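Colleague: I would like to learn how to read annotated sites against a model. Can we go through one residue at a time?

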Amino acid sequence: MADQTPFTKGHGTENDFVLVPDLEGDRPLSSEQAARLADRHSGIGGDGVIRVVPTAFATEPEVLQQASTARWFMDYRNADGSTAEMCGNGTRVFAAYLRREGLETANEFAIATRAGVKVVRFEGPDLIAVNLGAWRLAQPHIADAEGFDALVHLDGHEPLSALTLDLGNPHTVVALPETVDLETLDLHRLPVVNPEPEHGTNVEFVRPMGAGHIRMRVRERGVGETRSCGTGAAAAALATRFWAGDRGDSWTVDVPGGRLRVRMLADQQVELAGPAVLVADGTTSLV
Ligand SMILES: N[C@@H](CCC[C@H](N)C(=O)O)C(=O)O
């Protein structure tokens with residue numbers, strides 16, 4: 001039998017991940033291996049794959065330099081095998097895994113990501129908060145008076161006005177006109193964003209529901225439509241707040257897979273909170 005590698009399957013608001021421990025840092029995952037693990041038909045299946053590795057064994061210099069602050073590196077891949085800088089829902093699932101395995105024991109600890117150190121805090125058995133760090137508008141120099149800097153083209157619709165944000169990873173948030181139904185929007189096709197982001201983007205479609213409350217669907221870079229996206233939820237809340245004249249510091253974001261909390265912190269930082277569930281453990285071949 002080919003070498004068997006342990007894995008854990010988990011999700012955060014149904015954004016699901018395959019976690020693969022590499023505690024000695026000697027089993028890097030290739031893009032092909034990650035894509036095979038994420039395949040829902042021939043693999044374990046997930047929106048992403050997370051390698052759990054000591055930060056001290058990271059090969060990327062900007063990650064390695066986080067080793068004095070964060071013991072564990074969330075080495076994140078999208079379902080197509082591409083690397084991503086950050087994953088908000090993934091940080092909670094990663095943290096839940098570290099605690100279950102006894103690799104971290106505190107209620108609050110730092111983890112390393114390609115977008116820098118993130119601090120996670122366990123608020124209760126079903127609620128984990130993560131400081132996503134500093135966010136920024138990606139291209140404020142071209143934003144118009146209504147707060148839009150991009151157009152999103154989606155088959156069958158007039159061009160949709162949007163705002164691009166950097167949460168460590170890229171997001172384009174569409175303010176959906178009232179004439180377009182969020183629930184029935186067809187997200188099978190790739191939305192075309194103009195201007196085209198250099199490294200691709202995650203695209204969120206947002207419907208305001210009331211003060212501090214939005215609904216969102218998302219088409220993730222490197223994946224397709226997912227049932228949730230943590231950094232996307234934060235981007236959607238930040239964009240909606242921006243369009244409302246910077247009003248509202250606490251947001252509820254409903255996604256197809258559940259509910260997330262987003263809070264504005266000091267120093268242009270933003271916090272995401274929600275559940276994390278570890279659903280299965282097993283072994284698989286990584287050939
Ligand atoms: N689902 C994640 C985001 C994962 C990475 C994303 N697809 C990208 O390529 O930037 C989240 O919860 O933030």
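Modeller: We can, bearing in mind that this is a predicted model. Start with Asn78: its relative accessible area is 3%, and because buried means under 20%, Asn78 counts as buried.

Colleague: Where does Asn78 lie, and what does Asn78 touch?

Modeller: Asn78 belongs to strand E4, residues 72–78. Setting aside residues up to four places away in sequence, Asn78 touches Asp47, Gly48, Thr83, Ala84, Glu220, Arg221, Gly222 and Val223.

Colleague: Which residues does UniProt list for "binding site"?

Modeller: The unreviewed entry gives Asn15, Asn78, Gly88, Asn89, Asn169, Asn202, Glu220, Arg221, Gly230 and Thr231. An annotation of this kind may be inferred rather than shown by experiment. From this set, the lining of the largest cavity takes in Asn15, Asn78, Gly88, Asn169, Asn202, Glu220, Arg221, Gly230 and Thr231.

Colleague: Is Gly88 buried or exposed?

Modeller: Gly88 is buried, at a relative accessible area of 0%. Gly88 lies in helix H3, which covers residues 88–100. Beyond its neighbours up to four places away in sequence, Gly88 touches Val130, Leu132, Gly230, Thr231 and Leu272.

Colleague: Which residues come nearest to the ligand?

Modeller: There are 15 residues around the ligand, and Asn15, Gly88, Glu220, Gly230 and Thr231 come nearest. For polar contacts, look at pairs of N or O atoms within 3.5 Å. A polar backbone atom of Gly88 is 2.7 Å from an oxygen atom of the ligand, and for a polar backbone atom of Asn89 the distance to a ligand oxygen atom is 2.9 Å. Asn169 contributes a polar side-chain atom, 3.1 Å from an oxygen atom of the ligand.

Colleague: How much of the ligand's accessible area does the protein cover?

Modeller: The ligand on its own has 360 Å² of accessible area, and the protein covers 100% of that.

Colleague: Where does UniProt place the "active site"?

Modeller: At Cys87 and Cys229, again in an unreviewed entry. They are spread over 143 residues of sequence but cluster in space, with a largest C-alpha distance of 7.7 Å. The lining of the largest cavity includes Cys87 and Cys229.

Colleague: What surrounds each cysteine?

Modeller: Cys87 sits in the loop between E4 and H3 and is buried at 6% relative accessible area. Apart from neighbours within four places in sequence, Cys87 is in contact with Asn15, Phe17, Met74 and Tyr76. Cys229 is in the loop between strand E15 (224–226) and helix H4 (230–243), and is buried at 5%.

Technical notes
Residues are numbered from 1 along each chain as its sequence is written. This is a predicted model: local features need pLDDT of at least 70, side-chain atom pairs count only at pLDDT 80 or more; totals for chains, interfaces and linings use all residues. Side-chain values use heavy atoms; hydrogens and water are left out. On a 1 Å grid over the protein atoms alone, a cavity is a set of points where a 1.4 Å probe fits but cannot get out, and a pocket is an open set with protein on both sides within 12 Å along at least five of seven lines; lining residues have an atom within 4 Å of a point. Helices (H or I, at least four residues) and strands (E, at least two) are DSSP runs, numbered from the N terminus. Buried means under 20% relative accessible area, exposed over 50%, partly exposed in between (1.4 Å probe, protein chains only). Contact means heavy atoms within 4.5 Å. A residue is near a molecule or strand if one of its heavy atoms lies within 4 Å of it. A polar contact is a pair of N or O atoms within 3.5 Å; within protein, one must be able to donate a hydrogen and the other to accept it, and residues adjacent in sequence count only if both atoms are side-chain atoms. Accessible areas come from the Shrake-Rupley method with a 1.4 Å probe; for residues, only the protein chains shown count as cover.
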